[in-house]
Every structure is written in C-alpha cells, then in structure tokens.
Amino acid sequence: MGTISIIGSGGMAASIGGLAAKAGHAVEVTSRDAAKAGALALEIGADATAGGFGEAPSGDIVILAVPYSAALDVVRQYGEKLAGKILVDITNPIKSDLSGFLTPPDSFGAKEIAKVAPANTIVVKAFNTQNARVLASGPVQGHPLDVFIAGDDAQAKARVRRSLRASDCARWIPVR
Amino acid sequence: MDTGPLIMARTLEHACMLWLGLMAHSLKHGNFAIGVSLPG
C-alpha cells in the first residue's frame, strides 16, 4: 500500500482520508492551517501524518480536497511539486447560490485545474457527487455507493479505484 | 464507476448541481447519494 496525500482539512478530506487509512494506506494531510491538518491526521489515525502546505506531497496520488474557489490557486502554488502525480479533483465549480458554474461556459472545473497543473500531472475527477458524511458512513441499506470517476488515463483511474478499496474492507468500502 | 475520459467530469459537475438542487429545494437534507443501477 502506498501513501495518499490530501490537500485540505474539511469534511471530504476527513472522509476520503478515513477510507484510505482503512484500506491500509499511509495518509498525509496538508492544509494552509497546519493546526487543522494536524488535528485531522489525529482524527484519521492509523499513523496519518500532517505535511507542510506547499511542500512536495509524499503520495503519488494527491486528493485536491479544497473548495473550487481556492483550487486553482492551490494548484498554482504547488506547481511543479505536483509533476508526475495523479491529482484527484473532487471539487465542484458551483456558485454558492446555486445559480450557475464558476467556470467559463466552454469549460469545466477539472479542465481548468488541468490547465494550471504541470503538464505531466494526471487529473482524475472523483468523489464530487458524494456528500462527505454519506461517503464516510458507507453502504446505504446494503448497497455500495457509486463513486464516479473520469479521466483520460486508464491506469491512473484504476490506481485511484484500487487505492480506496481493499479486500479486507470490501464490506464497507463504497468505491466500485 | 468509470464514466470515461476527463470530459465526462463536466457531466459529473452538472450531476452535483442536481444533487445540490435536490438537497436545497426538495429533500431538504444531505443524507442521500446519487446512484446508478446497471441491468444485467
């Protein structure tokens, strides 16, 4: 099992970090607020660590768990430190009043993120249709949750799927 | 569930708008998930 790095310390970061830890991965949490990152690492347990915001993530898979309104700046700030990584975009570029999207009409969030990421960063969209608490609580009436994944690199998508499921956790791991 | 190439992220982002609309205007809570059932 490898390391999953998570940028962000909110509800989705907690849920995905918990899934990753239960699947046997080392989890690294980073946040602009180091105290929040440390607290979330403790909450996740399983020897999860807090990394430095803006420093090179230790994991090959990096979960971008910040609001879309901050995502582009965060990716720009990390810059080449995301080179070669699989960047999992969980964001939704939706206006807070639900009146529309924050992206240009001919674009979408993952595309805008890919534009500002290093050329060899592989962007995979996932988890954006899930509520953090629902994701953390696992199957609903025995049915696993659907986590939709989109991306141009089949191997990267397969790695993201594998990273959050493990045979010994299959009973509750929602990814399918 | 693999939905295809990255362009499908646009559809997933629109699906989230549906999710948020249901939460805000109909269901009034967030304890639900969008699911897909495939026949066969």
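Which residue of S2(A) stands opposite A:Ile7? The residue is A:Thr30, and the paragraphs below lead up to that pair and beyond it. This is a predicted model, in which local features need pLDDT of at least 70, side-chain atom pairs count only at pLDDT 80 or more, and totals for chains, interfaces and linings use all residues. Residues are numbered from 1 along each chain as its sequence is written, while chains are lettered from A and ligands numbered from 1 in the order in which they are written.

Chain A contains six helices and seven strands; helices (H or I, at least four residues) and strands (E, at least two) are DSSP runs, numbered from the N terminus. Along the sequence their pattern is β-α-β-α-β-β-α-β-α-β-α-β-α. The radius of gyration of chain A is 15 Å, close to the 16 Å from the globule rule for 176 residues, so chain A is as compact as a globular protein of that length. This radius is taken over C-alpha atoms, and the rule is 2.2 Å times the number of residues to the power 0.38.

Of the 176 residues in chain A, 49% are buried. A residue is buried if 20 or more other C-beta atoms lie within 10 Å of its own, exposed if 12 or fewer, and partly exposed in between, with C-beta atoms placed from the backbone. Strand S2 (residues 26–30) of chain A is mostly covered, since four of its five residues are buried.

S2(A) has partners in strand S1 (residues 3–7) of chain A, to which five bridges join it in parallel, and in strand S3 (residues 49–50) of chain A, with two bridges, also parallel. Two strands pair if DSSP finds at least two bridges between them. In the second pairing, A:Val29 stands opposite A:Ala50. The chain crosses from S2(A) through helix H2 (residues 34–44) to S3(A) in a right-handed β-α-β crossover. S1(A), helix H1 (residues 11–22) of chain A and S2(A) also make a right-handed β-α-β unit. Right-handed means that, with the strands pointing away from the viewer, the path from the first strand over the helix to the second runs clockwise.

Strand S7 (residues 149–151) of chain A and S1(B) run parallel, joined by two bridges, and A:Ile149 stands opposite B:Asp2.
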